[in-house]
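Here is a short tour for anyone who likes to check charges and metal sites before setting up a calculation. Please keep the viewer open as you read.

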Amino acid sequence: MNDRLANARAEAGAFMERDHSQHPPAYAPGYKSSVLRAPKQARISFASTLSEKTGPAFGHNMLGELDNDLIVNYAKPGEEAIGQRIVVHGQLLDQNAKPVPNVLIEFWQANAGGRYRHKREGYRAVLDPNFGGFGRTITDENGYYWFRTVKPGAYPWPNGVNDWRPAHIHFSLFGSGFAQRLISQMYFEGDPMIAICPIVNTISDKAAIDRLVARLDMNNTIPMDLRAYRFDIVLRGRRSTFFENRPEGN
Amino acid sequence: MVTRLDYLKETPSQTAGPYVHIGMTPNWSGISGVIPEDLGSQVVTDGVKGERITVAGRVVDGGGNPVSDCVVEIWQADAGGIYNSPAEHRTGADPHCIGWGRQAADENGRFVFDTIKPGAVPAPNGGFMAPHITFWIVARGINIGLQTRMYFSDEADANRKDPILAKARMIGRDGTMIGQREGDSVTFDIYLQGENETVFLDI
Ligand SMILES: [Fe+3]
């Protein structure tokens, strides 16, 4: 087996330790669903091994032409989803500010009225027959991504008596290693619902919450068609490996 | 002048929520026609080398209820212990072992993966880690994805030398990371909370 350790390429760097002050704790009773689903024991910490430094990769050829266009990817031919038309775009970086190219981003959301196309959905807002609410893309060589959609509506949910989620889009992110796997939600600049959302407020650091808020980007709107929102995303960075001429993380 | 270290901060996690299936298993959730097949439905393809096994289990909450709305992902090496990944520095990964799988749990919180038993993977400080499969679980009520590992009950010797199991053993909880093998089936139940709470990793 030792021949497998020889030569080839240098082993990828381990990931920087996750800074849990930037994330919600497992147990956050303001968000009631977390109460029975939060592990109570401390996590076991260990520097990432090959099992976390590696991760699956997905090729651009996997994508269908409309995968990143939620306005039409579920619509009947010639029809489009109803709502405020937007493009969401940004750059995927790691903590070293290095772009993360060629990785899969999946996103899902409610329709313009705040209704999900899901069997467990209980909100009385109507379904849009032309909106599925799912899309995906792969970052380009510079870590950029973009997709076209309609702005989702706010929706009520059973937590407190009268809790409503701010408009948001769910994101699922891969990186180059499985330790970078992350799910988050993107909010919209200026939404008064953000400050009163129990899920947003599972994060205690206000500056961290602000990094989940996409900025209205009028310079990239398409007049008479779409407004743009910019949302940059940061995944864990790799530590340097000093066994090559050039430290890998730098 | 001293250089400032301004590493960026990781984007904060938020729960995957109750509608995670729309984004991660759209066909399973009834949104058909957007993509041909849900990603991760096949961990290995025909012609894969190694022992074929099924890995099945349940995800259970602190009240003993099935976590019926979770999504489970796995990541593993091939039979030779090599990862099919651009970040793998060794060559020769089995092209038929994708190594990554994704499943929506059923109403009983149950998942099943058809896969192969992975080989041992080099440990960071020399030697090998025992064969294992990495698990990642997301759901409504889980604020940040939970990562753990499943080791194999038929690898007692290798398990004894595994550096991560050793840490779990020090707190008497290594048993929660062992999948029980019977024939070609491995059973691995995951407890989010309570007496049998699974060991989760910060790795
Ligand atoms: Fe949502």
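This is a predicted model: local features need pLDDT of at least 70, side-chain atom pairs count only at pLDDT 80 or more; totals for chains, interfaces and linings use all residues.

What follows covers the iron site and then some of the salt bridges.

## The iron site

The iron ion is coordinated through the OH atoms of A:Tyr116 and A:Tyr155 and the NE2 atoms of A:His168 and A:His170, at 1.9 to 2.2 Å. Along the chain, these donors follow the spacing Y-x38-Y-x12-H-x1-H. A:Tyr116 sits in the loop between β3 (104-108) and β4 (134-138) of chain A, while A:Tyr155 belongs to strand β6 (residues 155-157), so the two tyrosines tie together parts that are 39 residues apart in sequence. Both A:Tyr116 and A:Tyr155 are buried.

What geometry does the site of the iron ion have? The site is irregular, with angles of 89 to 160° among its four donor atoms.

## A bridge between chains

Salt bridges come next: the whole structure holds 22 of them over all chains. One of these pairs B:Asp69 with A:Arg37, with the closest N and O atoms 2.9 Å apart. B:Asp69 lies in the loop between β1 (52-60) and β2 (71-75) of chain B, and A:Arg37 in the segment before β1 of chain A, so this pair joins two chains.

Are these two partners buried or exposed? B:Asp69 counts as buried because its relative accessibility is 4%, and A:Arg37 counts as buried at 5%.

## Bridges within a chain

In chain A, A:Glu11 forms a salt bridge with A:Lys53, the closest N and O atoms being 2.9 Å apart. The pair links distant parts of the chain, 42 residues apart: A:Glu11 is in the segment before β1 (44-45), and A:Lys53 is in helix α1 (residues 50-53). A:Glu11 is partly exposed at 33% relative accessibility, whereas A:Lys53 is buried at 9%.

B:Glu155 is in the loop between β8 (146-152) and α2 (156-160), and B:Lys117 is in the loop between β4 (110-116) and β5 (121-122), 38 residues apart. With a relative accessible area of 21%, B:Glu155 is partly exposed, while B:Lys117 is buried at 9%. Both residues belong to a network of salt bridges that also includes B:Glu51, B:Asp154 and B:Arg181.

Definitions and conventions:
Residues are numbered from 1 along each chain as its sequence is written. Chains are lettered from A and ligands numbered from 1 in the order in which they are written. Side-chain values use heavy atoms; hydrogens and water are left out. A salt bridge is a side-chain nitrogen of Lys or Arg within 4 Å of a carboxyl oxygen of Asp or Glu. Helices (H or I, at least four residues) and strands (E, at least two) are DSSP runs, numbered from the N terminus. Buried means under 20% relative accessible area, exposed over 50%, partly exposed in between (1.4 Å probe, protein chains only). Donors are N, O and S atoms within 2.8 Å of the metal (3.2 Å for Na, K and Ca); water is not among the atoms, so sites may look incomplete. Four donors count as tetrahedral if all angles lie between 85 and 135 degrees; four count as square planar and six as octahedral if opposite donors are over 155 degrees apart and all others between 65 and 115; anything else is irregular.
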